[in-house]
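Good morning, and thank you for joining this meeting.

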Amino acid sequence: MGQAHFVVVDSLSRRVIPFANVFTADNGLFLGTTSDGNGNGNVTVNFSFNQLTISHIDYEQVVISVPSDSVRLLPKNYILSEVTVKDDEPLWVRHLLNRIVEVKSKLSRESIVDRHYHYMSRNVSDSSGYWFENSGVLRFPVSSKDCIRIRPSAGYIHYKDKSAGCDFTNLKRMLYHDFIQEFDSDFLRKHTFRHNEDYHAVNNSIIQIYFKSNKYGSQDKGYMVVDTVSNSILSVVRDTDFDYNIDNNTNSFTRATVSAATGWKYTEWKVRQEAEYQIINGAYFLVSCKYKAYLQSESDRAKYHGKKFDSFEAEVLFDDSDGSEESGFTDLLRPWYVKIIVPRRNGLQKKLCNPFLKNIFYTKLFFVFQF
């Protein structure tokens with residue numbers, strides 16, 4: 001089948017879904033696009049396909065052969081509708097958040113903790129993509145300044161091209177850019193907060209609080225669900241946009257270096273991160289985390305002229321470990337954002353990849369945009 005045009009919508013609320021991944025992976029050929037982020041959810045497919053897969057981290061994946069005018073995705077969880085909150089920040093909200101920060105400062109791991117994980121990561125770009133899954137054990141250090149360690153079991157690549165591999169980059173982003181680590185008095189100073197009075201939980205001590213950056217406005221916003229009795233954060237959703245991501249996830253020198261060499265410049269960069277927490281043995285731990293990101297860049301250089309996009313979605317789920325693993329752990333190094341890399345089999349990749357995947361790694365030097 002050739003070109004197609006349709007809209008991706010939530011099957012329950014009928015709201016459009018921006019940046020849903022739309023791709024075909026037939027006979028080893030991968031081609032992809034996304035629904036747009038301009039508020040209408042439109043998809044234009046300008047490549048041939050037998051089947052299209054439509055995916056989004058918050059929705060059940062669907063596969064279609066003949067798209068209708070709209071494609072409906074079923075949400076995995078109940079998704080809150082947009083609400084209007086009052087302009088003023090209640091004084092009691094600020095006092096509550098200060099107590100949460102104070103309680104958090106007293107919560108810390110007293111020993112190394114092992115937790116089983118299941119990790120999924122999908123990447124869709126203009127002409128490449130892959131879907132990687134892996135389970136294993138993560139070893140969390142006592143200090144957040146130390147590296148998390150990983151002991152993976154077998155990984156699976158559902159479809160692959162030359163860009164595919166054992167990709168743990170999004171796992172690093174979720175673990176090392178954890179909201180709880182950033183939530184401190186400095187975060188309170190840099191944001192304003194509002195109480196969502198339309199949010200109602202079974203437990204009256206559970207409330208929802210919206211936040212927005214004083215500096216970046218709606219380019220850094222989200223909401224927290226907090227327990228006012230235990231003074232703890234239960235879950236958080238955070239959206240960051242272009243200016244925030246440029247300033248906080250890259251540096252001007254590296255951007256200038258890449259731009260001088262290739263002409264590539266960012267033109268769009270959106271990230272959504274969702275996390276759920278439990279306090280276990282006196283310390284915060286992730287129960288689950290979802291990561292969704294969209295990056296667009298362009299170049300006016302003859303060799304690289306044009307635009308390109310990358311759309312990432314990832315999820316990690318945790319459960320308890322029996323603590324029997326004694327060896328085989330490798331450092332899970334902190335993520336980079338814009339960098340020049342030489343892909344090769346390092347120690348981690350050797351442990352993560354099944355033998356039949358070894359031929360997918362190359363030694364050619366190239367630029368990689370990561371975020």
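Let me begin with a term that will be needed throughout: two strands are said to pair if DSSP finds at least two bridges between them. Please also keep in mind that what you see is a predicted model.

With that term in hand, consider strand β13, which covers residues 217–227. How many bridges link β13 and β14? There are 8, and the two strands pair in the antiparallel sense, with β14 spanning residues 232–240. Within this pairing, V226 stands opposite I233 in β14. The hairpin of β13 and β14 has 4 residues between the strands, and N231 takes a positive phi near 55° there.

Strand β13 also has a partner in β12, residues 206–213. These two strands run antiparallel and are joined by 8 bridges. Here S213 stands opposite G217 in β13. The hairpin that joins β12 to β13 passes through 3 residues.

In which order do the 4 strands of the open sheet lie? The order is β3-β2-β5-β6, and the pairing is antiparallel. The edge strands are β3, at residues 29–34, and β6, at residues 59–64; each of them pairs on one side only. From one strand to the next, the twist averages 20°. Looking at one pair in this sheet, β5, residues 52–56, and β6 are antiparallel over 4 bridges.

Finally, I turn to helix α6, residues 252–262. Are V258, S259 and T262 buried or exposed? They are buried. Seen down the axis of α6, the buried residues fall within an arc of 100°, so they line one face of the helix. Just after the helix, G263 takes a positive phi of about 85°.

To close, I would ask you to find two places on the display: β13, which pairs with β12 and with β14, and the face of α6 lined by its buried residues. Thank you for your attention.

Key:
Residues numbered from 1 in each chain as written. Predicted model: local features only at pLDDT ≥ 70, side-chain atom pairs only at ≥ 80, totals over all residues. Heavy atoms only, no water. Axes fitted to C-alpha atoms, helices over the stretch in contact; angles between N-to-C directions. Buried < 20%, exposed > 50% of the residue type's maximum accessible area, 1.4 Å probe, protein only. Arc of directions from axis to C-beta.
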